[in-house]
Each structure stands twice: as C-alpha cells, then as structure tokens.
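Please look over the model below before reading my points.

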Amino acid sequence: MQSVDVEQLKKGEVNLGTSIMAVQFDGGVVIGADSRTTMGSYIANRVTDKLTHIHDRIYCCRSGSAADTQAIADIVHYHSQVFTQQYNEPPSVYTAATLFQRLCYDNKDALSAGIIVAGWDKDAGPSVYNIPVGGGLFRQPWAIGGSGSTYVYGYCDATYREGWGRDETVNFVKNTLALAMSRDGSSGGVIRMCVITEAGPERLFVPGNELPRFWEGKDVLGNTRNEPVSEPMAVEV
C-alpha cells in the first residue's frame, strides 16, 4: 500500500481550516464545531472533537493548529484545577478566558490559535469570549471562528435575535455550522454541540447524513423558462 505524501498535496501555507461557534442564551450557552482536521488538501481526521473541556461548566472551541490549541487548552485546564483546589471554588469563565488570552498573546509569534471560550458561572451567568489569532479578548453574545466563519457572518447578523431560548439557539448553531461546512472545503464531517447551563454540560451530535440541507445549485443558470435539461447522447462502441 502506497503512503500519502503530504508535502505534495499542497505547496506553501498549510490550511488550518475549521468552523467553530458559541452563542449565549438566557440561562446558558451553546457551543458547536465541525469535525474536519486538514493537512493541506488531505483530511487527516474527519471526526475530530474540537469542543474541549476546561472545567465543569467551561468549554472552549479550538481553531488553528491542532497541536498549538491542544497544548494551550491542556495548560488552562491544569491551572483551572489548581485554582479550584487553592480557592475552593470553580474559576469564572472570564478567568479561564483571560488565561487563554495571555498565553495566546505572549506567544503570538509562535502560535496559530483562535479560541472561543464559553460557559456558565455564578457571578456572570452565561458568557462567551472570543480570542482571535494574535491574542485579543472580546466578550460577545455570539462568536464564530475558523475559515468557515467568513461564509456565514451575514447569515448570523441577519438571523440572530436576543432573548432566544435553548432550542432556538441550538437550531441557530446547527444551521450556521451546516452552511459554513457546505461552502468551506476545509470544514466538514459531523456537527458536535454542547449546551452549558447551571445544571452542567449536555452534549449533542448531528451525524453527516442528518445535517440541515440548503440550496446546492441544482438550478441551471440561464434556463429561465424551466425547460428540461437535455441529457448527453449515448454513444455505441
């Protein structure tokens, strides 16, 4: 069996594509991500879990270099456990997000990492923090990231409404990620989501054959009269 020569698949910059998202609602947050990990044009893993547990009610979504983001998440997870032991209470979402931001900013020349931190704590309730590549820190009601996010900013702006409940938010995240995955070649696979409330996290899963379907270009351009499209002639050999 021949091995795949990754170096020949794509010259130059390595594609670090993904689609991640987090949305705040009354009582909690919903985070979600696709599951495709790429090395250039080669799909290295089609069922990656990009939703990483940080503490009991704090998760992060990872985009960028898988090695970089996994290492950062491990460090923050470790310090979150130390925080709990030292102060006898869980860290706030802001505390975890600030540590992510500090690590990303201090090492911005060596890392490729875009992180979304979301969760619930007793002080602020549900909250979402976006940490783009370079190490900024922004609290937002919803945040998207990764290469697939560029295709769905307009959809999010036009669709999102404040005051949504759990079900509306879950559907919003699912539809947004499905649209991003349909347009972005570096995103795909399945959708993994997690609903985080005071009661704890609840994992949700949407397999590839149950993704929401949208227009996929079946109409023939220029055929304004809805005429049947002729099939190519069969040729006898």
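**Notes on the strands and the core**

1. All of strand S8 (residues 125-131) is covered: seven of its seven residues are buried, that is, under 20% relative accessible area with a 1.4 Å probe and protein chains only. Strands here are DSSP runs of E with at least two residues, helices are runs of H or I with at least four, and both are numbered from the N terminus.

2. This is a predicted model, where local features need pLDDT of at least 70, side-chain atom pairs count only at pLDDT 80 or more, and totals for chains, interfaces and linings use all residues. Residues are numbered from 1 along each chain as its sequence is written, and side-chain values use heavy atoms, with hydrogens and water left out.

3. S8 pairs with strand S7 (residues 113-121) in the antiparallel sense over seven bridges; pairing requires at least two bridges found by DSSP. Three residues form the hairpin link from S7 to S8, and glycine 119 is opposite serine 127 in S8.

4. S8 also pairs with strand S9 (residues 138-139), again antiparallel, over two bridges. Here tyrosine 129 faces arginine 139 in S9. Six residues lie between the strands of this hairpin, and among them glycine 134 has a positive phi near 115°.

5. The largest nonpolar core has 23 residues. Such a core is a set of buried Ala, Val, Leu, Ile, Met, Phe, Trp, Tyr and Cys residues joined through side-chain atoms within 4.5 Å. Helix H4 gives the most to this core, with eight residues.

Technical notes
Buried means under 20% relative accessible area, exposed over 50%, partly exposed in between (1.4 Å probe, protein chains only).
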